[in-house]
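Okay, thanks everyone, let me get the picture up. I'll talk through the ligand shells and then the core.

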Amino acid sequence: MENIKILKGFKILLSGMPDLSVIQMPDPETVAVSAMDIPYIRPKLLVKENDLVETGTPLFCDKRNKCILYVSPGTGMVKQIVFGARRRLKEVVIALDKNLDKNLDKNIDETDNFVQFETLSQDSIERVPRSKIINLLQQGGLWQCFRQFPFKDTADENHKPSMIIVSLNGNDPFSPHPQIVLENEIEFFEFGIKLLNQFTDRVVVASRQSSLQSLNGFKTYITHAVPDFYPSWDPAVVLYKLKKSRKDNNAWCITAEHLILLARFLITGRYPVKRVVTITRAKDKRPHFITRQGTPVKDLAGYLDDNSIITTGRFNGRIVDPLSHMGFFENTLNIIPDNQKQELLGFIRPGFSKPTVSRTFLSSLTKEPKDLDINLHGEERACINCGYCTRICPVDLAPSFIMKALSSDDIEDALSYGLLDCARCGLCSYACPSKIELTQILSNGMDAHYKDKQ
Ligand code: SF4
Ligand code: SF4
């Protein structure tokens, strides 16, 4: 195992880390497949309201490649198709069939009526043609688990990646712990690694240092260890540290949880609906939850006061409506106090409990975990060239330079400053004392460049 040296990132200890206890949630009344967390998708509906669906029935496809399907994570009836502005598809909501066996002792994967797909055996996977695996995964609604750099778009099946990075730690400081995700799944994980070898000559499995001890059974597969601060384990950061040539820019990545889903699907021929999620809220008991893909946010979040917002990541997630459902790629909810009140003479207070990147507050001298809220402590101002964004960027970018190039519509300059290496981790926005939404600006620049290339 190789250690990857990463020096920059968010090194402050945060309170609210979920513990390792697990709660199995009962099935919700509805589940949904959301199109809101799928980058670049142009969805085309394949069902209408009141249609009956089985688990694995296609609900919509991606117009850019109609073979890529998004399927129902439950058996029941299409209750509602929710559209947003300009009739953009938000989510397809399924009312689960109440007559199915909801015995809590039964595995969540066993209670539905499934669309049955062809199965592959452990022994045959190395001999199955790649085209057959691609076809099965696309029909089964799981091909999109493979993401391709630099945009993290759905992987192009005609491309052979120079490496595939498997991330064990999710995309957030509070993502589900790999010990919970991988528990009793070694058979599927091994199968998944064999599967990846069908697509690439190099499989990289990266883990946080702190997770290694609890992953003894998987140690032979872990190729790289990364430091414990956010976002060292993000595949974009791992790729930045490992890439040696231009062809590495189009590597693929996948999370360990998704790799297990692919393997489970190919071995059983059934769409796997079980997901592990975490919900973090200051001063709450914080277990992991086993639930169904697309569970309603309100079922997971529980009590919400008016001054809270729900995000799917501390630094880079989207803000979700409590009446919506968990997205395909989302596995954590952060319930954060919306504390926008102004502090009287806040600038001369010692700030023992305030997290600080710039060491403005005395909290930088203590090792106590800190709470984050969403108080901006001021409004957006002009860039003061302080360099904090450069000092925290894990992939050595100068976000302020890229922002200035993008604001003058100079995409060539932005690209030459390394725009496409951006991991969209959110740290530059967090660190900026002028409250400039750097991550959003860079992310919009990447998306505009992506659309220009289409
Ligand atoms: S530019 Fe900002 S969002 Fe992009 S990787 Fe650097 S710190 Fe993260
Ligand atoms: S942190 Fe903000 S103010 Fe400082 S250099 Fe970067 S963009 Fe400018």
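So, the shell around ligand 2: by class, that's 10 nonpolar residues, four polar ones and no charged residues. Keep in mind this is a predicted model. In total 14 residues surround ligand 2, and the closest are C383, C386, C389, S400 and C432.

Now over to ligand 1. Which residues are closest there? They're C393, C422, A423, C425 and C428, out of 16 that surround ligand 1. By class, the shell around ligand 1 splits into 13 nonpolar, two polar and one charged. Helices α11 (427–431) and α12 (438–453) each put in at least two residues, and α12 gives the most to that shell, with three.

In soluble globular proteins, nonpolar side chains tend to be buried together. Here, the largest nonpolar core has 105 residues, and the ones with the most contacts inside it are I164, I165, V166 and L262. Helix α6, residues 256–268, contributes the largest share of this core, eight residues. And the core draws at least three residues from each of domain 1 (2–274) and domain 2 (376–454).

Setting aside neighbours within four places in sequence, I164 is in contact with L196, F199, T200, V203, A251, W252, C253 and I254.

Last, the whole protein chain. You've got 12 helices and 19 strands, and 41% of the 454 residues are buried. Of the contacts between residues at least 6 apart in sequence, 70% join residues at least 24 apart.

Notes:
Residues numbered from 1 in each chain as written. Chains lettered and ligands numbered in written order. Predicted model: local features only at pLDDT ≥ 70, side-chain atom pairs only at ≥ 80, totals over all residues. Near = placed C-beta within 6 Å. Nonpolar A, V, L, I, M, F, W, Y, C, P; charged D, E, K, R; others polar. Core = buried A, V, L, I, M, F, W, Y, C linked by C-beta atoms within 7 Å. Buried ≥ 20, exposed ≤ 12 C-beta atoms within 10 Å, placed from the backbone. Helix = DSSP H or I, 4+ residues; strand = E, 2+ residues; numbered from the N terminus. Domains from an automatic or database assignment. Contact = placed C-beta atoms within 7 Å.
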